[in-house]
Amino acid sequence: MANGTRIETALAETLPLLPEERSWSFRDMLAVKSGLSIATWGFLFGGATGQLVGFIDGVIALFFGTAVGLGILFFALLLPVYRKGCESFVFLRSAFGPLGASLLAVPLVLGMVPFSAAILSTMAGAATEEVLIGLSLFSADSGLPLSAIMSFAVLGVSFLLAARGSDTLRLFNLATVPLLVLLSGGLLVAVFIEAGWECIFAAEPPETRWDRPTRLMLAVELNIVAAISWFGLAGNLMRYGESARAATWGTWIGLVPVSLLPSIAGLASSLALGSADPVQWMTPLVGPVLGLAMLLILIVANVSSAVGLLQGNVTTIIQNFGAPIRRLGFAGMTSILCVIASLIIWFATDALYAKFYSITASFGAIFAACVGVLLADRLVLRRSDANLAALHNASGGPYAFWSGINPAALIALAAGFATYIALLEPVSQTPDALFRYTSASLPAIAGAFVVHLALTRLVTIPARRGGYDGVRGARFDVSDAEPAE
Amino acid sequence: MTRPRPGVFEDELERRLAILSQGEETDRRLPASDAVVLAAITIGSFAVVLVAQAL
């Protein structure tokens, strides 16, 4: 029983959510997920897409690529995490084992989150610098590293908001999302007015050695991995939904069609104006007053996304890295991520933008393989059955496999990753001949799926590991034995 | 919304698991109709890409 020591509410919410904590309406979920997607990466993904294909193909890639990636992620991870109410990487223990899930959290959270937070803060910092210069508070040739300083300030504000927990996230996004929609819509209109519809539709991407179908699939692939990369964050935040339907469609709409607002602006501006970065062209395009207002909203957009990113992912770290990390508290762990992001901002800002596609695709290869393992485990091997209490037994129980690791899942992960790399080399972005028909993510998912299925049936189940014969005697069983109404 | 003041982490986990196991089971599954629509959108989206490539 409790010894009188209290833990903060935000920390408690990293645990399985209680029914009264799952209170977000469809509107709340839509606001939070929209706040995540209307941010720097919307413009960056749109801009990166515009480096591969023209406007029409770009819109196709942005919408349908994102829909493919997110749809698959729903069935692999988001829906079961919502059902259980547990943290996403805790759910991963049913496939990878507790130690396996924690190992995955190292690159997928500790690696990905600071990188993403740095991207958001860098653009917000650049926007803040422009605002300060526009208001004549500083001069452009002051010599101060103003952008970097402002990036740290944005990171600091995001930290303060994120550390306060889920209600702050929800309320902040409800308040700011209408502004973000106005911003992205306004930018889109401004680009079209400035460049002209005909120019944007006729604009060609830079010359490459690949044909149009291959370039289209490259653009689609970029957006598939972008969607899959929401991974645990989307699941952790989706848990707060009051109903499966509200949570699902609030998430889907917020991360798919709403994300088109900034990404199409980035696509159009990349094609017609030569840059997807709205900080560079916003003020010259719309004038100083409107430009400054839009820059301020852009800052808010990135803060809202950073808050969601931090709030949703710190949950993973708290749950999966043991008691020493938990003693830091929710705010302490959030601050560590912000420090790592600050180091990336200080030392590697240029690389963030220059290597954006490569970094995203590299992480995407891991995420895609994970998804394949999860689909096989959830849909075939366990038939959607997982035990909540057993998931939280990190030291033993049916999901312990071999010393906390499921070798079958990790081998399948490696197979999926290798499949991805064989079809698309992420650093040079060189596709294989088959890539244009299949993408890289889908075969990676399929490869991991098949290998995990085979190894589990041939090795893990005969060895009576992993609880595949059903978890008995636990306090809380949930199964999909009967179909839903 | 008022929230309970939680105890230590592991005790809080036990408390929550006990509540969730004893409480009335709320069906948190996505309705089958919604799942079908989601699957159709997902598969259809890739089909659209393949069609667009051929145009």
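In this predicted model, helix H8 of chain A bends by about 40° at A:Thr176, and a proline, A:Pro178, follows within four residues of that position. Helix H8 of chain A runs over residues 166–195 and comprises 30 residues, and the distance from its first C-alpha to its last is 41 Å, close to the 44 Å expected at 1.5 Å a residue. The residue that follows H8 of chain A is A:Gly196, whose phi is positive, with a value near 90°.

Over all chains, the structure holds 9 salt bridges. In one of these, the side chains of A:Asp57 and A:Arg212 meet with an N to O distance of 2.7 Å. Because A:Asp57 lies in helix H4 (residues 55–84) of chain A and A:Arg212 lies in helix H10 (residues 212–228) of chain A, this pair ties together parts that are 155 residues apart in sequence.

The contact between the two chains, A and B, draws on 65 residues from chain A and 40 residues from chain B. The size of an interface is often expressed as the accessible area that is lost when the parts come together. Between chain B and chain A, the buried area is about 4,700 Å², and carbon and sulfur atoms give 65% of it.

Polar and charged pairs also occur across this interface: between chain B and chain A there are 2 salt bridges, and 11 residue pairs are found in polar contact, with both residues at pLDDT 80 or more. A salt bridge joins the side chains of B:Asp34 and A:Arg245, at an N to O distance of 2.5 Å. On the side of chain B that touches chain A, the elements that give two or more residues are helix H1 (9–22) and helix H2 (32–54) of chain B, and H2 of chain B gives the most, with 16 residues. Sorted by class, this side of chain B has 22 nonpolar, 6 polar and 12 charged residues.

Methods
Residues numbered from 1 in each chain as written. Chains lettered and ligands numbered in written order. Predicted model: local features only at pLDDT ≥ 70, side-chain atom pairs only at ≥ 80, totals over all residues. Heavy atoms only, no water. Contact = heavy atoms within 4.5 Å. Buried area = accessible area lost by both parts, 1.4 Å probe. Salt bridge = Lys/Arg side-chain N within 4 Å of Asp/Glu carboxyl O. Polar contact = N/O pair within 3.5 Å; in protein donor to acceptor, adjacent residues only side chain to side chain. Nonpolar A, V, L, I, M, F, W, Y, C, P; charged D, E, K, R; others polar. Expected span 1.5 Å × (residues − 1). Bend = angle between axes of the 7 residues up to and from the residue.
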